[in-house]
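Here is a short briefing on one protein–ligand model. Please look over the structure first, then read the points by topic.

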Amino acid sequence: MTKPKILITGANGQIGQVLSVQLAKKYGKEQILRTDLAQNDDGLLPYKSLDVLDKSRMAQIVEQHQITQIYHLAALLSASGEKNIHKTWDINFNGLVHVLDVAKEFSVDRVFFPSSIAVYGSGFNKSFTAQNDFRNPSTMYGITKVAGESWGNYYWMKYGLDVRSIRYPGIIGYQSLPGGGTTDYAVDIFHEALKSEKYTCFLESATRLPMIYMDDAIRATIELMEASTENISVRTSYNLQGLSFTPAELAEEIRKHRPNFTIEYHPDFRQEIAAQWPEIMDDQLARNDWSWKPAFDLSEMTKDMILNLSKKYNKDYVEPN
Ligand code: AKB
């Protein structure tokens, strides 16, 4: 099988940074083209500046580099998206439409588009959210994801464009920082646990949300993109479940490694967003169709985060008793 030539948009974001490295390891760095808004990059992997709203430049890059797969990650997240809803619609929705049009025009083989748990909002079963449960998003970010899922499905049905998607839970990793999301607390808390041993959480202690460790999220994404076309039964977006916990449960787990760690709760507007999202996702279809199975539970994820961030912040790592 020939190696894909991959374009990544939003490559400097939380997922993009880690996914680019993983794709380069898998296919070779000459097969990857990272893009984002910044003019220049660190030069370690091929990079070009690209604003996803500039459709003609996107088309030029796809044609010139003979791109065969696009991972379209550029987006504003749920919390920052609420601060400028028109800009959020523009970047998240029109950016995706540009990708779909360009992919269709230049016969790109496969497109990956991340959706999110934010497609749910009210009137659904929070404690075990089915793939096709009612989607009535409460944020502009969620609205762009619901619309985007339908557009991906439409391009598949009408034009045979092979668009694949995952509804990501909150993603936790030590390699990169999130920005502007409601689930960001679950990364920030680890950095603060290592730096100052205390954290002020912007969600209430009992707010349970679906999350996933970065390694699992990246593996899921690549497994989905590598699955045979005939195995893909969902063309909107697959529910994906890694683990679920509350801020209080996470703090308790962190205390096993950092016994002096303390947490306070000062919920802000993000609490209202989180309160309307699922607690646990039913991801049976991902398990059936492309054998999805998460590897990290709360204790393994916490251990790996603390281990890696201890190195970053020059702290000793001590195994809990
Ligand atoms: C956010 O919090 O906005 C994202 C998401 C769950 O889609 N991490």
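Ser-165 is buried, at a relative accessible area of 1%. The model is predicted.

**Ser-165**
- Ser-165 belongs to strand β6, which runs over residues 162-168.
- Its relative accessible area of 1% falls under the 20% cut-off, so Ser-165 counts as buried.
- From Ser-165 to Gln-39 the separation is 126 residues in sequence. In space, the two C-alpha atoms are 28 Å apart.

**Asp-216**
- Asp-216 sits in helix α7, residues 214-226.
- Asp-216 is buried as well: its relative accessible area is 1%.
- Which side chain does the side chain of Asp-216 make a polar contact with? The partner is the side chain of Arg-219, at 2.9 Å.
- In an α-helix there are 3.6 residues a turn, so residues three or four places apart point the same way.

**Helix α6**
- Helix α6 spans residues 185-195 and is mostly covered. Of its 11 residues, 8 are buried.
- The buried residues of α6 are Tyr-185, Ala-186, Val-187, Ile-189, Phe-190, His-191, Ala-193 and Leu-194.

**Ligand shell**
- Which residues surround the ligand? They are Leu-77, Ser-78, Ser-116, Ile-117, Tyr-141, Gly-181, Thr-182, Thr-183 and Trp-277.
- By class, this shell holds 4 nonpolar and 5 polar residues. Charged residues are absent from the shell.
- The ligand takes up the space of the largest pocket.

**Polar atoms at the ligand**
- Ser-78 places a polar side-chain atom 2.5 Å from a ligand oxygen atom.
- Tyr-141 has a polar side-chain atom 2.7 Å from an oxygen atom of the ligand.
- For Thr-183, the ligand atom is a nitrogen: a polar side-chain atom of Thr-183 lies 2.8 Å from it.
- How much of the ligand's accessible area does the protein cover? On its own the ligand has 260 Å² of accessible area, and the protein covers 93% of it.

**Recap**
- Ser-165 in β6 and Asp-216 in α7 are both buried, each with a relative accessible area of 1%.
- Ser-78, Tyr-141 and Thr-183 each bring a polar side-chain atom to the ligand.

How values were computed. Residues numbered from 1 in each chain as written. Predicted model: local features only at pLDDT ≥ 70, side-chain atom pairs only at ≥ 80, totals over all residues. Heavy atoms only, no water. Near = heavy atom within 4 Å. Polar contact = N/O pair within 3.5 Å; in protein donor to acceptor, adjacent residues only side chain to side chain. Areas by Shrake-Rupley, 256 points an atom, 1.4 Å probe, with all protein chains shown as cover. 1 Å grid on protein atoms, 1.4 Å probe; cavity = no way out; pocket = protein on both sides within 12 Å on 5 of 7 lines; lining within 4 Å. Sits in = over half its atoms within 2 Å of the grid points. Nonpolar A, V, L, I, M, F, W, Y, C, P; charged D, E, K, R; others polar. Helix = DSSP H or I, 4+ residues; strand = E, 2+ residues; numbered from the N terminus. Buried < 20%, exposed > 50% of the residue type's maximum accessible area, 1.4 Å probe, protein only.
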